[in-house]
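Here's a quick tour of one model, with the cut-offs spelled out along the way. Take a look at the coordinates first.

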Amino acid sequence: MTSTPSARQPTLGQLSPGRRWLLNSLVIGLLVAFNPAGRTVLTTGLWLIAPGYLLERMLPGPRPHWLLRLILWIGTSGSIIPLVYLWLTTVGGRLTTALLITGAILLATGAFVAAWRDLAAQGQPSATAWLLMVILAMTAWLRIEQIAPLALPAWVDSVHHALMIRVAAETGRTPWTLTPYLPVVEMPYHWGYHVVIAAIWQTVGGELPDVMLWSGQVLNWLQSLAAAGLALLCWRHPIAAVVAAAVVGCISWMPAYYVAWGRYTQLSGLLLLVALAIGWQHWLTATNQRTQIGWLGLVAVISAGLSLVHMRMFVFGSTLIAAQSIVWSLRQSRAVISARLLQAITAGVIAIALAAPWWLLLLRRILLPAATGSQSLTSGGSYVQLTYELMWIGPNEWLVALALIGGFLGIAYRQRVTATLLLWIGGLIILTNPWLVSYLTPPIGLVILLFGIYRRAWLLSSVGLICLAINPVTVRLPFLWLLPVDIAAISLFLPLSSLIGGGAALIWSARHRFWHISGVLTLIGLCLWGATQQRSIVNPITILATAADRTAVTWIKDHTPPTARFLINAAPWLPGVARGNDGGWWIMPLTGRWTSTPPALFVYGDADAAQATRQRSQQIIDLGNGQPINLDHLISVEQIDYVYTSPAGPLRPELFASKPGYTVVFAQDGIVIYQTPLSASRQQP
């Protein structure tokens with residue numbers, strides 16, 4: 001996948017192939033910018049690449065492969081932006097729209113000048129690079145098709161993501177405090193994704209739902225690039241990268257299905273996770289001390305950023321770099337391991353210092369309450385159980401089988417990277433299923449005990465006895481609410497695609513050119529087949545809002561006072577948390593108006609207010625279950641101005657059609673908004 005350098009180094013004034021690519025990209029970008037969606041995509045690319053590119057190119061030592069560098073740029077940018085917001089918020093500053101637009105112009109200019117210099121000697125892309133670009137183009141088309149049925153982002157997470165982005169854009173700070181929309185202060189919910197999208201939204205303008213949908217699909221498309229980068233890092237073979245990109249982009253239903261959940265934060269975290277692994281591997285293999293320091297600094301920045309973007313992916317990423325370190329250490333001396341361990345601890349301290357205000361907030365809101373017993377870090381029930389439909393969604397059975405074959409081939413060919421990937425997968429399984437520890441420790445303890453007795457190492461034998469004591473009879477480890485097993489199941493596409501790509505690379509290396517051509521055609525055919533299966537991947541159940549809902553919310557923004565209060569539909573979701581079931585749930589994040597069932601983040605606020613919200617939503621749920629509810633009393637007590645009704649119910653239009661004093665102020669395609677008698681009396685002179 002490497003580019004072929006030109007025989008003669010061109011001067012700055014000459015057009016190398018790389019510079020021609022840059023100019024062509026600039027022209028295409030200018031044309032795309034005439035479309036609002038195109039502007040969002042371009043601005044997303046700018047904020048996700050330019051800061052990291054300008055920082056990474058200053059590192060000492062040789063440059064990695066261009067694909068690995070691209071992932072590093074994305075991971076570094078996705079860390080720098082949240083860190084800037086974090087420290088500006090800490091010192092009382094803010095990022096205004098003017099500052100962000102100025103910053104975007106300076107970044108674009110600086111990145112273009114730097115790229116012009118860097119591409120002076122860049123040659124033509126290789127055949128495998130062209131094949132990767134074909135796969136990425138197919139993936140881009142597929143990601144565009146997948147959001148065609150969505151008027152607003154899907155499901156539950158999207159609603160509170162939108163509210164946090166709105167708060168970040170309005171305040172220019174981290175969205176820890178959600179007032180005046182919700183009584184939530186110092187919220188311990190990851191927010192790195194939200195400030196990045198807020199910066200994009202303030203730079204490009206437009207409607208927030210569109211920015212979320214298009215930037216979200218850019219993040220989803222980039223997963224193919226990340227999978228390719230991880231496979232290339234592991235196997236050092238371009239075919240491994242191409243196959244991994246094809247699996248993630250067009251064949252596997254994950255992460256494409258993330259759009260049905262609005263799981264944009266996890267997409268961001270996975271990108272940073274791969275960048276962290278790339279930086280860590282280059283630090284492990286660096287021989288020059290100055291180069292080691294450079295890579296370690298980059299690792300610290302990405303680690304800090306990852307803790308702001310997604311704490312679960314921070315844990316998953318830590319598991320991956322632990323697996324990399326274990327495999328690397330098997331061939332190192334004790335002195336080298338000790339020196340690197342000290343460097344790693346230093347990098348960890350720097351990462352915590354970079355994100356110190358966030359870690360202190362987590363300490364106050366999560367860890368200290370858990371230590372005093374007022375809050376628990378454990379969970380149970382269906383929340384921690386594996387959903388088999390997610391584990392085996394789409395062609396996952398075949399992908400797992402192919403990954404096992406790839407792992408077997410890697411072991412047969414003595415590829416150390418196989419051990420790294422298998423250790424990572426095993427670590428994820430144990431972290432999300434802690435009960436497995438009590439089954440694994442007894443056999444490990446028995447081996448340690450026997451070895452200790454044989455060597456007469458009584459301290460080692462004692463360790464073996466302790467491990468034997470940790471067994472299912474004596475210990476039952478609880479599940480952690482931070483690490484439900486479903487999160488690991490829907491993240492397995494990364495290691496699985498890398499194992500599949502590695503197996504394909506090993507087979508490719510031993511075959512004739514005829515088989516190479518056949519393999520490429522087969523891969524393209526599988527991508528086309530997978531794309532046809534995924535075009536309509538969004539689950540209709542997760543589509544809560546229609547085009548009529550979006551029109552209604554726009555009407556609300558333009559025709560109701562900012563203090564208006566809306567009664568909206570509700571449905572059960574998680575224990576103690578209700579959700580909306582139509583576009584009325586989008587009223588608060590898109591217009592700022594109060595709604596009876598707010599975004600799910602209300603659980604982080606005042607306990608009394610949260611309980612009142614639960615009771616309010618439960619009354620609407622009870623109405624849907626056929627229980628008698630005094631709606632007039634509810635509307636009077638809550639000072640409701642408008643009722644948002646839809647066929648999704650239980651607040652249906654016919655329920656208010658014959659009620660005296662309720663006036664229809666909006667009606668379109670089944671969405672009917674009624675003004676209450678209370679609101680009408682307020683507006684009378």
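Is tryptophan 358 buried or exposed? Tryptophan 358 is buried, at a relative accessible area of 2%; buried means under 20%, exposed over 50% and partly exposed in between, using a 1.4 Å probe and protein chains only.

## Ground rules

This is a predicted model, where local features need pLDDT of at least 70, side-chain atom pairs count only at pLDDT 80 or more, and totals for chains, interfaces and linings use all residues. Residues are numbered from 1 along each chain as its sequence is written, and side-chain values use heavy atoms, with hydrogens and water left out.

## Tryptophan pairs

Rings of Phe, Tyr and Trp (its six-membered ring) pair if their centres lie within 6.5 Å; planes under 30 degrees apart are stacked, over 60 edge-to-face, the rest tilted. That rule gives 18 aromatic pairs. In one of them, tryptophan 21 and tryptophan 130 have ring centres 5.5 Å apart and planes at 50 degrees, so the pair is tilted. Tryptophan 21 is partly exposed at 36%, and tryptophan 130 is partly exposed at 42%.

Tryptophan 191 and tryptophan 358 have ring centres 6.1 Å apart and planes at 90 degrees, so this pair is edge-to-face. Tryptophan 191 is buried, with a relative accessible area of 0%.

## Charges over rings

A charge sits over a ring if NZ of Lys or CZ of Arg is within 6 Å of the ring centre and within 35 degrees of the ring normal. The charged end of arginine 565 sits over the ring of tryptophan 594, 3.7 Å from its centre. For arginine 263 over tryptophan 261, the distance is 5.1 Å.
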